[in-house]
Amino acid sequence: MARPLINAPKSVRRGEVFDIRILIAHPMESGQRRDDVGKPIPREIINRFVCTYGGEEVFRAEFFPAIAANPFLTFSVSAVESGVIVMTWTDDLGASQFESIEITVT
Amino acid sequence: MHRRMLLAGAALLALPPARAGATKPEVAAAIQALTGGAKLRQGRIKLDIPLLVENGNAVAMTVSVPDAVSEAERIRSIHVFAEGNPNPNVINAFFGPRSGRPGLSTRIRLATSQTVIAVAACADGTFWTDSIELLVTLAACIDEI
Amino acid sequence: MRAAALLALLLFAGPAVAQPRSGYWDAGPQVRAMQDDDTANPGFLWVEQGRAAWQAPPPGGKACAGCHGDIAAMRGVAARYPAADPASGAPVDLAGRINLCRAVNQSAPKLAREGAEMLALAAAIGVESRGLPQRIATDGPMASVIARGEALFRTRMGQLNLSCAQCHEARAGARLGGAVIPEGHANAYPEYRLEWQTIGSLARRIRACLTGVRAEPFAADAPEMLELEAWLALRGAGLPMETPGVRP
């Protein structure tokens, strides 16, 4: 499985609001499609996404099958202190994946 | 502050009242569960989706908060519904205090031409909404899968 | 001088469209925006995967990087495929070339053409040519491949009895259902299609059009597929490479 692509500044000024963009490789199988013999393809989506910053939750989302394949998400964070930003997402099978980035606040 | 409230009030008068009557029962029930019956007002949040969608498999959507709000009015969560989808829920997003500018962009699936509705819950107990009615055209070439 | 003029005539008399127009311009503003922004273009998920695969040696073999060095050395390569393999003289497309290296230089099993690893490697090699003009060799064994490709392009096929040219030359720019018929160029592959919800090869795109006219699609490794690919590359000569492109 391909690694997600994350875009965020490495360094920001205290108090500045910055965007985090993430692109995750995932088919987001909606549960609405059928295969070539007409059998329904079971739903298999990322249903939860959480972002923490210095251990504190900044952003959380519940995804439904209406989120497009290979989910793309932009949200913003307010620069408080240098630290680690961790993004974790969980799919219908209960499997979690995470990625972290470091941010320097000047 | 006062002026913005007035403007929001004026917008309320000009617009059909929160699409009452038009909203699908399923979506209306979901919104009712969210708001506990509190009034939905226009303003505070802005929904952006192209009015003409080329392919419903991935449609860029942004919900933003155009004007700064006070700490007491902070946007706590944003909920998006697509009335014409088999499952109208699209996304529920929750914003912590360190989220500088509540709002989000993502790409969504739209099964057909329809109305998409965003609802925001604020820390002051108020609920705000914006909606867009859009057209989805479909790709013409048939694929093997 | 005479030879050069003749060559120019050969090159430019073929395509009915004197200045080819990329399918990018027939896509709507949202799709173009998705292609233009590398942080939003889902094709880059495969580009990144391909860059990792480039570095990773197969069991007991050498990594692509072990012989070729940095992937930046692939600049310009994707823009001149299909091309003849110098060793055998056999024309191959980029996926075919990659599989030659897998078999000959890595003693590794061939990669499935529509599999994630092949698409990823092709995307990672392709992106190195972004912005460079598509320009394939037309001499040697390529000449007859291209000629057969053009003939196929003009042959009516399927229950709808339509040739590629009838849509992509005669009716390019017209609407078919909700979609604009593009000129049908090959300069953006592997390409992320919203319809597929994933990345796919030029062969997959051609198969989709063949299915569209209710024709029996050629297999991905059929000679006809390579011939069509070669002709598409020639008639789109000069178009800047867009890999990984995004289309509806």
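In this predicted model, the side chains of A:R21 and C:D37 meet in a salt bridge, with a distance of 2.6 Å from N to O. The count between chain C and chain A is one salt bridge, and across the interface of these two chains four residue pairs are found in polar contact, both residues of each pair being at pLDDT 80 or more. On the side of chain C that touches chain A, the greatest contribution comes from helix 3 of chain C (residues 43–55), which gives five residues. Sorted by class, that side of chain C has six nonpolar, four polar and two charged residues.

The extent of this interface can be described both by contacts and by area. Twelve residues of chain C are in contact with 13 residues of chain A, and the two chains bury about 970 Å² between them, of which 61% lies on carbon and sulfur atoms. Within chain C, the residues that lose the most area to chain A are C:T39, C:L45 and C:Q197, which together account for 59% of what that side buries.

The interface of chain B and chain A involves 25 residues of chain B, in contact with 33 residues of chain A. Chain B and chain A bury about 2400 Å² between them, with 50% of this area on carbon and sulfur atoms. The count between chain B and chain A is three salt bridges; B:R98 forms a salt bridge with A:E56, where the closest N and O atoms are 3.8 Å apart. Across the interface of chain B and chain A, 17 residue pairs are in polar contact, again with both residues at pLDDT 80 or more. Strand 6 (89–95) and strand 7 (104–108) of chain B each supply at least two residues of the side that touches chain A, and strand 6 of chain B gives the most to that side, with seven residues. By class, this side of chain B has ten nonpolar, eleven polar and four charged residues.

Strand 6 of chain B also takes part in strand pairing between the chains, as five bridges join this strand to strand 5 of chain A (residues 56–63), the two running antiparallel. In this pairing, A:A61 has B:A93 as its bridge partner.

Strand pairing is also found within chain A. Strand 3 of chain A (residues 17–23) runs antiparallel to strand 1 of chain A (residues 5–7), to which three bridges join it, and A:I22 in strand 3 is the bridge partner of A:I6. Seven bridges join strand 3 of chain A to strand 6 of chain A (residues 72–78), again in an antiparallel arrangement, and the bridge partner of A:V17 in strand 6 of chain A is A:S78.

Definitions and conventions
Residues are numbered from 1 along each chain as its sequence is written. Chains are lettered from A and ligands numbered from 1 in the order in which they are written. This is a predicted model: local features need pLDDT of at least 70, side-chain atom pairs count only at pLDDT 80 or more; totals for chains, interfaces and linings use all residues. Side-chain values use heavy atoms; hydrogens and water are left out. Two strands pair if DSSP finds at least two bridges between them. Helices (H or I, at least four residues) and strands (E, at least two) are DSSP runs, numbered from the N terminus. Contact means heavy atoms within 4.5 Å. Buried area is the accessible area (1.4 Å probe) that two parts lose on being put together, summed over both. A salt bridge is a side-chain nitrogen of Lys or Arg within 4 Å of a carboxyl oxygen of Asp or Glu. A polar contact is a pair of N or O atoms within 3.5 Å; within protein, one must be able to donate a hydrogen and the other to accept it, and residues adjacent in sequence count only if both atoms are side-chain atoms. Ala, Val, Leu, Ile, Met, Phe, Trp, Tyr, Cys and Pro count as nonpolar, Asp, Glu, Lys and Arg as charged, and the others, Gly among them, as polar.
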